[in-house]
Amino acid sequence: MHVILVTHSCVYTVSFYHLDHDYNSSMKQLDITSQAKSKRSDKSWYILSAGLIISVTVIFILDLQFFASTNFIRNTLNGKMLEVLSAADNFTNKFIDTMKHKLIIIDSDIPDSGSEQHVSDHFSNSNHGNCTWPPLNLQGRTPLNRTDIAIEKLDQKYTFMADGHYKPKNCTAYQKIAIVVPYRDRQLQLRIFLNNVIPRIHRQQLEFGIYIVEQTAGSLFNRGMLSNIGFVQAMKDMAYDCVVIHDLDILPEDDRNFYICGDNPIHMATKVEKFKYRVPYHSFAGGISTFSKKQYEDINGFPNQFFGWGGEDDELFARIKRSNYKMTRPFDAHGHCGSVQHSGQRTGNDRMKMLQISRKIWKQDGLTDLEYNLVEKRRKQLYVWVYADINMAKVREKLKKLNSPSRK
Ligand code: BGN
């Protein structure tokens with residue numbers, strides 16, 4: 001952090017000095033009078049000091065923001081001080097805006113070392129549309145809207161959507177995005193999801209389709225498999241550039257956290273409210289993550305074998321690494337996500353064991369062996385409802401074969 005700050009300060013000072021130096025040399029070439037020269041060199045001190053003052057102020061504000069993010073200080077500060085810090089946070093957000101093309105690559109070989117290992121430009125795919133990018137009407141960080149609004153009212157609010165799809169009218173979007181949401185029995189959260197996510201992606205001027213992938217009653221909830229089903233069903237509809245696997249209850253609070261794909265998968269749910277706006281652990285890949293079609297196919301999608309809560313996102317992170325991708329995260333200040341409370345899910349009791357087995361069978365367990373029964377696919381105004389039946393006994397039967405000693 002401080003290396004960056006000191007570099008900043010040097011760059012400012014040196015550039016101010018150079019500005020002045022260039023000015024002086026051009027004056028020399030014009031052969032101006034010595035009086036004018038001495039006036040100019042007096043001025044150079046002003047410019048140099050101004051440079052230093054600006055640098056020190058920027059360092060101070062960035063430092064405030066840095067200290068605000070450390071637990072110790074956060075826990076010991078009272079409300080007043082937090083107000084000051086949040087003002088500093090806002091200032092930094094604006095300052096950091098100039099860096100919005102950057103993502104941070106997580107180096108999973110260095111656990112718990114913080115995420116700021118490398119900064120990469122993720123826009124190398126040149127096949128972009130002609131809508132202004134980055135979009136001009138972003139609102140930065142705004143709180144979630146938690147009001148429960150009836151679906152009919154939401155339909156009236158978002159008339160720009162039809163058949164669960166939106167396409168900018170006057171330009172071609174930067175990317176076409178499929179939002180895939182594994183779902184079961186959470187109608188209130190669904191309405192809040194739609195009322196927050198739709199306007200945010202709309203402001204990002206992206207073309208998008210929303211797929212709510214619901215699992216029939218019977219088997220334990222399988223987030224991984226529902227994600228794979230959503231991926232397949234979305235790609236059947238059109239050539240999406242990017243698929244976003246999105247939890248229903250984790251919602252971005254910042255427009256600058258873009259629903260897009262890059263050269264590497266992107267983990268968008270960096271700082272989630274329910275984890276006190278901190279990354280819960282270094283390789284956390286849950287909540288919201290984005291993949292280009294190729295990336296999702298290269299990692300063989302999510303595992304199908306994780307039934308019940310937990311573990312499938314850890315296996316996802318491992319797949320990304322095994323496929324020589326690096327998970328990336330939005331710039332620190334942009335990754336805030338709110339969470340919408342709901343009652344707990346049944347945990348997957350064998351998830352530790354599954355994580356072990358998956359290391360060996362991941363190439364056979366995922367998109368490549370996906371089997372399900374599509375009960376219904378219905379296009380509503382705000383989303384495509386995919387209703388799928390997953391037969392746990394049958395899926396687990398496959399695991400026995402994949403994991404049999406003769407195949408090791
Ligand atoms: C982890 C879960 C993740 C979950 C995060 C955050 C497991 C695997 C066994 C260690 N992983 O503990 O799936 O996203 O918590 O809630 O349970």
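Which residue in S12 is the bridge partner of Lys-271? Select Lys-271 and look across to S12: the partner there is His-336. Keep in mind during the tour that this is a predicted model.

Strand S9 (271-272) and strand S12 (residues 336-339) run parallel, joined by 2 bridges.

S7 and S12 run antiparallel, with 3 bridges between them. To see one of these, select Ile-250 and its bridge partner in S12, Ser-339. With S7, S12 and S9 shown together, you have an open sheet in the order S7-S12-S9, with mixed pairing. S7 and S9 are the edge strands, and each pairs on one side only.

**Helix H6**

Next, select residues 187-203, which make up helix H6. At 1.5 Å a residue, its 17 residues should span 24 Å, and the end C-alpha atoms are 25 Å apart, so the two values agree.

Colour the buried residues of H6, among them Leu-190, Phe-193, Leu-194, Val-197 and Ile-201. Gln-189, Asn-195, Asn-196 and Arg-200 are also on the buried list. To find what the buried residues of H6 pack against, show helix H5, strand S4 (176-183), strand S5 (207-215) and S7. Then step just past the end of H6 to Gln-205, where phi is positive, at about 55°.

**The largest nonpolar core**

Which element gives the most residues to the largest nonpolar core? The core has 65 residues, and H6 gives the most, with 7. For the members that touch the most other members, select Ile-177, Ile-179, Val-180, Tyr-211, Val-213 and Val-243.

Centre the view on Tyr-211. Leaving out residues up to four places away in sequence, Tyr-211 touches Ala-178, Ile-179, Val-180 and Val-181, as well as Gly-230, Gln-233 and Ala-234. Tyr-383, Val-384 and Val-386 are also among the residues that Tyr-211 touches.

**Backbone details in the loops**

Select Trp-133 and Pro-134. The peptide bond between them is cis, with omega about -5°. Pro-134 belongs to the loop between strand S2 (118-121) and helix H5 (151-157).

Move on to the loop between H5 and strand S3 (165-166), where Asp-163 is found. Asp-163 is not a glycine, yet its phi is positive, at about 50°. Is Asp-163 buried, partly exposed or exposed? Asp-163 counts as partly exposed because it has 14 C-beta neighbours inside 10 Å.

Then select Asn-300, in the loop between helix H8 (293-298) and H9. Asn-300 also has a positive phi without being a glycine, here about 60°. Asn-300 has 21 C-beta neighbours inside 10 Å, so it counts as buried; the cut-off for buried is 20 or more.

**The ligand**

Finish at the ligand. Select the residues around it: Pro-280, Gly-286, Gly-310, Gly-311, Asp-313, Asp-314, Arg-351 and Met-352. Helix H9 (312-322) and helix H10 (351-361) are the elements that give two or more residues to this shell.

How values were computed: Residues numbered from 1 in each chain as written. Predicted model: local features only at pLDDT ≥ 70, side-chain atom pairs only at ≥ 80, totals over all residues. Near = placed C-beta within 6 Å. Helix = DSSP H or I, 4+ residues; strand = E, 2+ residues; numbered from the N terminus. Pairing = 2+ DSSP bridges. Buried ≥ 20, exposed ≤ 12 C-beta atoms within 10 Å, placed from the backbone. Expected span 1.5 Å × (residues − 1). Contact = placed C-beta atoms within 7 Å. Core = buried A, V, L, I, M, F, W, Y, C linked by C-beta atoms within 7 Å.
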